Amino acid sequence: MSQKRDSVILPTIWDYLRTLHAEPYFLGLGLSAFSFSGLLSGPLFGQWSDRTGHTKAIILFANVFEITGNFMYFLGVSKWLLLASRFVAGIGTGVGASIFGYLTRTTSSAERASVFAAVMACRQVGLLIGPACNLFLRFCNFKLGPFEVNRFTAPGLFMCILWGLLQLLVVFLYNDLPSSYSADSETAPLVQPNCAETAEYGSINDTEEATVPSPSQKREEDSAIESSSENLNTLKEYLREEVVVVLAAQFITFFNQTALETMVTPITQRYFNFGELENSLMYFLCGVEVIAGFFFVRCLSSKISDSVILVLGLVILNASCIWCLVFLANPKGSFMLLLMEFITGVFLQVLGLPFVAVSQVSLFSKITAEKTQGFSHGLRRSIGGLATILGPLWAGGLTANLYIMLGVMMGLLTLLTVMVSLSYSKLVEPCSRHPCEDRN
């Protein structure tokens, strides 16, 4: 499954850009370009999977962009080619919408949070293995034909080879499972057509004094009415209170996460003199923590609800942001004291991510129609993609003004906490509210 961002590239991209005489803001542009293309491609890939019910061909098509983008990164002729390489590779990440839609259609709502947690943990293994690969990639120093392979270009070549191997694995070892979706089953869409609107259309047709239309005209009229009703229901679905809250959780969480990721490398260089080795080890340890967190959430998901897990995650993320605002906005003290304060802030931030990530994806899959899960997850991932564009751009220009940067992040988290508190009763699967509504 596509990484939100290639972790093998992150530890060295800053130094790579500097060798190409790139301005500091190119770091934010490079990270944002990757997210922007994924933002555009996600809903398209999701719609494709909803219409066909298949994911294999979509994965193969998306991987071509990953291979091409990483090869462009390996070439590294100029800062503009490097920027373009991140944009091309980001297109391939849109396939995540198809994959999450596929998982929703082939799992029950009871097991979905557990499955999503396991899948996300597997995806985050890349955060563990990727930075560790730099431990040997940094020793590369040879030529491949006219191209130079060094510690900066080697990650691009390495990822290009890995995506090529994945392409072969998908071709020969992966097959789509049949969808479990059925309009008459318990997994039918959560948002049903409005009965009042259907009755209204019926009453209008009954009182019409026009002549009986021909079969072709009737089909066209029925199709137009059905399309209009479907579009209206779709719009209403995504504007429901609980859906807006979950999408807000997606945006704010990813905005804060990517802002902190952008801030981390300059801070470690400024205060701790970290190089690519130290940054790789840091990302490696963060990967270990994230994977452990996802498996912990996987165990919790069978005992407590998604909404409770979301609240726990928000508590941890609020604590992390407060800690960073107090201790890292204007760091003072000895080297060891600063290092411990930095480690604590990063630890809390990474700890809270699995709680919010799993709960909001699981909730979103349960409060939106199952037959359009591909497009829905594409929309959700686009919201996250927008956040990962704005986050680095915001943080990239404020690495010297951490009070402003962290203050805005704290404000967004406070807003999200208030929204979740006010809408908490609605953050459950609709069918679980039906019995209560029936009794009333």
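Visitor: Lys 366 forms a salt bridge with which residue?
Guide: The model is a predicted one. A salt bridge here needs a side-chain nitrogen of Lys or Arg within 4 Å of a carboxyl oxygen of Asp or Glu. For Lys 366 the closest N and O atoms of the pair are 2.9 Å apart, and the partner is Asp 306.

Visitor: How many residues apart in sequence are the parts that this pair ties together?
Guide: Lys 366 belongs to helix α13 (residues 335-367), whereas Asp 306 belongs to helix α12 (residues 306-327). The bridge therefore ties together parts of the chain whose separation in sequence is 60 residues.

Visitor: Is Lys 366 buried or exposed, and what about Asp 306?
Guide: The limit for buried is under 20% relative accessible area. Lys 366 has 11% and Asp 306 has 9%. Because that limit is under 20%, Lys 366 counts as buried, and Asp 306 is likewise buried.

Visitor: Which residue meets Arg 105 in a salt bridge?
Guide: The N to O distance in this salt bridge is 3.0 Å, and the side chain facing Arg 105 is that of Asp 50. The pair links distant parts of the chain, with Arg 105 in helix α5 (residues 95-105) and Asp 50 in helix α2 (residues 25-52), 55 residues apart. Both residues are buried, and the partner asked for is Asp 50.

Visitor: Why are Arg 18 and Asp 15 separated by about one helical turn?
Guide: These two side chains also form a salt bridge, with the closest N and O atoms 2.6 Å apart. Asp 15 is buried at 12% relative accessibility, while Arg 18 is partly exposed at 47%. Their separation is about one helical turn because both lie in helix α1 (residues 10-19), at a spacing of three residues.

Visitor: How many salt bridges does the rule give?
Guide: Side chains of opposite charge can pair when their charged atoms come close. Counted with the 4 Å limit, the salt bridges come to six.

Visitor: With which residues is Leu 406 in contact, leaving aside neighbours within four places in sequence?
Guide: Contact requires heavy atoms within 4.5 Å. With those sequence neighbours set aside, the partners of Leu 406 are Leu 260, Cys 321, Cys 324, Leu 325 and Ala 329.

Visitor: What is the phi of His 21, and where does His 21 lie?
Guide: Most residues other than glycine have a negative phi. His 21 has a positive value, near 60°, and is exposed at 66% relative accessibility. Its place is the loop between α1 and α2.

Visitor: Where does Asn 273 lie?
Guide: Asn 273 is not a glycine, yet has a positive phi of about 60°. With a relative accessible area of 66%, Asn 273 is exposed. Its position is in the loop between α10 and α11 (276-300).

Visitor: What is the area of the nonpolar surface patch that includes Leu 168?
Guide: Leu 168 is found in helix α7 (residues 154-173) and is partly exposed at 48% relative accessibility. The patch also includes Ile 161, Leu 165 and Phe 172, among others, and its area is about 800 Å².

Note on methods: Residues are numbered from 1 along each chain as its sequence is written. This is a predicted model: local features need pLDDT of at least 70, side-chain atom pairs count only at pLDDT 80 or more; totals for chains, interfaces and linings use all residues. Side-chain values use heavy atoms; hydrogens and water are left out. Helices (H or I, at least four residues) and strands (E, at least two) are DSSP runs, numbered from the N terminus. Buried means under 20% relative accessible area, exposed over 50%, partly exposed in between (1.4 Å probe, protein chains only). Patches are made of residues with over 30% relative accessible area and no salt bridge: like charges are joined within 9 Å, nonpolar side chains (Val, Leu, Ile, Met, Phe, Trp, Tyr) within 5 Å. Accessible areas come from the Shrake-Rupley method with a 1.4 Å probe; for residues, only the protein chains shown count as cover.
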